[in-house]
Amino acid sequence: MAACVFTILNMKNNHVPNSGGKSKGSKYTGQSIKPLPIHIVTVGKTRSPGVQLIVKDYMDKLKPYCPVHDLRIRSNPKNSIDARVQIENEEMGFMNFIKPDDWVVMLDENGMDLRSEEMADLIGDAGNKASGSRLVFCIGGAYGHGTKLRERANVKIKLSSLVLNHEIALVVLVEQLYRAWTILKGQKYHH
């Protein structure tokens, strides 16, 4: 439990302990992990059919490991041309969804860079903390996230050093969540 707390505290400060080399597994591989329901909250309107097909495929693959849900918040709900107003309105949708005991992971271009094994550790850490009810991943709109969500997030991560369109970020996220669970279970998807 002390290692779990250490990792969570360091993740809150945007630091993930480095194992010193390429690892083949998570610190939780083969252990029992509480499967927190995963909620992926994105900003956007109608998804392209190809993206939706890939997302559905990975979400179906995730279901044997944990409950997984996909929620969309309307992009720019007040049709403002002011980026700050757009961020604030989208942020309201995120904050209205998040519960006080949720473990919130904000995807941000300035977040921590995680290896797949560290994503598995993040899931294990969140599942082993006593009070968490859900694991919520937040993917922002064109202008990113607002101050309230940045302050509320338990962890800020990035999926790439490149800036990704929110649909591409969603595809990468669901694939990495599936990969993380196969790492946790010691299955052969991750090499």
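**Figure 1. The largest cavity of this predicted model has a volume of about 30 Å³.** A cavity here is a set of points, on a 1 Å grid over the protein atoms alone, where a 1.4 Å probe fits but cannot get out. Grid points are joined across faces, edges and corners, and the volume is the space filled by probe spheres set on the points. With a threshold of 30 Å³ or more, the structure holds one cavity. Rolling a probe the size of a water molecule over the atoms shows where empty space is left.

**Figure 2. Lys34, Leu36, Ile38, Ile123, Ala126, Gly127, Leu135 and Trp181 line the largest cavity.** Lining residues have an atom within 4 Å of a point. Helix 4 contributes the most to this lining, with three residues; helices are DSSP runs of H or I with at least four residues, strands are runs of E with at least two, and both are numbered from the N terminus. Sorted by class, the lining has six nonpolar, one polar and one charged residues. Nonpolar covers Ala, Val, Leu, Ile, Met, Phe, Trp, Tyr, Cys and Pro, charged covers Asp, Glu, Lys and Arg, and the others, Gly among them, are polar.

**Figure 3. Aspartate 125 and lysine 27 form a salt bridge, with their closest N and O atoms 3.3 Å apart.** Aspartate 125 sits in helix 4 (residues 116-128) and lysine 27 in the loop between helix 1 (2-12) and strand 1 (38-43), so the pair ties together parts that are 98 residues apart in sequence. A salt bridge is a side-chain nitrogen of Lys or Arg within 4 Å of a carboxyl oxygen of Asp or Glu, and by this rule the count comes to eleven. Aspartate 125 is buried, at 0% relative accessible area, while lysine 27 is partly exposed at 34%. Buried means under 20% relative accessible area, exposed over 50%, and partly exposed in between (1.4 Å probe, protein chains only).

**Figure 4. Arginine 115 pairs with glutamate 118 in a salt bridge, the closest N and O atoms being 3.2 Å apart.** Arginine 115 is partly exposed at 29% relative accessibility, whereas glutamate 118 is buried at 7%.

**Figure 5. Arginine 179 and glutamate 175 meet in a salt bridge of 2.9 Å, N to O.** Both residues lie in helix 6 (residues 166-184), four residues apart, about one turn of the helix. Arginine 179 and glutamate 175 are both buried.

**Notes for all views.** Residues are numbered from 1 along each chain as its sequence is written, and side-chain values use heavy atoms, with hydrogens and water left out. In this predicted model, local features need pLDDT of at least 70 and side-chain atom pairs count only at pLDDT 80 or more, while totals for chains, interfaces and linings use all residues.

Methods:
1 Å grid on protein atoms, 1.4 Å probe; cavity = no way out; pocket = protein on both sides within 12 Å on 5 of 7 lines; lining within 4 Å.
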